[in-house]
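Here is a short tour of one model, written to be read with the structure open beside you.

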Amino acid sequence: MIIAPKTRQIRILYTILIAGGALLVVLLLRSLFLHKEQLPPALEVGNATEKEWVLSLGSFSIPVTLADSPEEREQGLSGTLSLPKESGLLFLFDKPDFYGFWMKDMAYPLDIVWIDKDFKIIGISKDIAPNSYPQIFYPPSPAQFVLEVNAGFSTQHNLSENQLLTLTQETRF
């Protein structure tokens, strides 16, 4: 069968448009499901319950629990009677921002360590008392991670701005 030149050109044009549209749909779907601001490779967790998370600064390390869901971040340490010594709660956010923290329903004082997207300490709020509620504490610049530890921890371990932290996970055997 011989196709007239205009009809063949129209079919080729439709084929290109359909293929281009399909490619566009695939790219859009991929960006919706896979394109989040990339967290450090250690945070690409399959099943965090089978792993122990450790935050390190040089030779010093501290076990941390992750608060990475909206419910866990909202709850934080509120309502707990104590935080085990030499441990912490690490809040993970999808992107850097000025996240506010308060001491609602807290029974003990905390240090809050503000950490940027590269795991560099950008600020430390020390010895925050439970009775400071309803005051809200903010980082000095956008933070993507926030570490809560017992009051005095940051002084005891000489934490300061511009120090780089490392987060790793160790498989329990």
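Phe60 is partly exposed, because its relative accessible area is 23%, and partly exposed here covers the range between buried (under 20% relative accessible area) and exposed (over 50%), with a 1.4 Å probe and protein chains only. Phe153, in contrast, counts as buried at 5% relative accessibility. This is a predicted model, in which local features need pLDDT of at least 70 and side-chain atom pairs count only at pLDDT 80 or more, while totals for chains, interfaces and linings use all residues. Residues are numbered from 1 along each chain as its sequence is written, and side-chain values use heavy atoms, with hydrogens and water left out.

Now to the rings. The structure holds seven aromatic pairs; rings of Phe, Tyr and Trp (its six-membered ring) pair if their centres lie within 6.5 Å, and planes under 30 degrees apart count as stacked, over 60 as edge-to-face and the rest as tilted. Two of the pairs are set out here.

| Pair | Centre to centre | Angle between planes | Type |
|---|---|---|---|
| Phe60 and Phe153 | 5.8 Å | 50° | tilted |
| Phe93 and Tyr99 | 3.7 Å | 10° | stacked |

Helices (H or I, at least four residues) and strands (E, at least two) are DSSP runs, numbered from the N terminus. Phe93 and Tyr99 are both buried. They also belong to a cluster in which ring pairs link Phe91, Phe93, Tyr99, Phe101 and Trp114.

Next, have a look at Ile115 in strand S4 (residues 110-115). Ile115 is buried, because its relative accessible area is 0%. Its C-alpha lies 6.3 Å from that of Gln144, although Ile115 and Gln144 are 29 residues apart in sequence.

What is the relative accessible area of Glu71? It is 57%, so Glu71 is exposed. Glu71 has its place in helix H2 (residues 70-75).

Stepping back to the whole protein chain, you can count three helices and seven strands. From the N terminus on, these elements run α-β-β-α-β-β-β-β-α-β. Of the 173 residues in the protein chain, 33% are buried.
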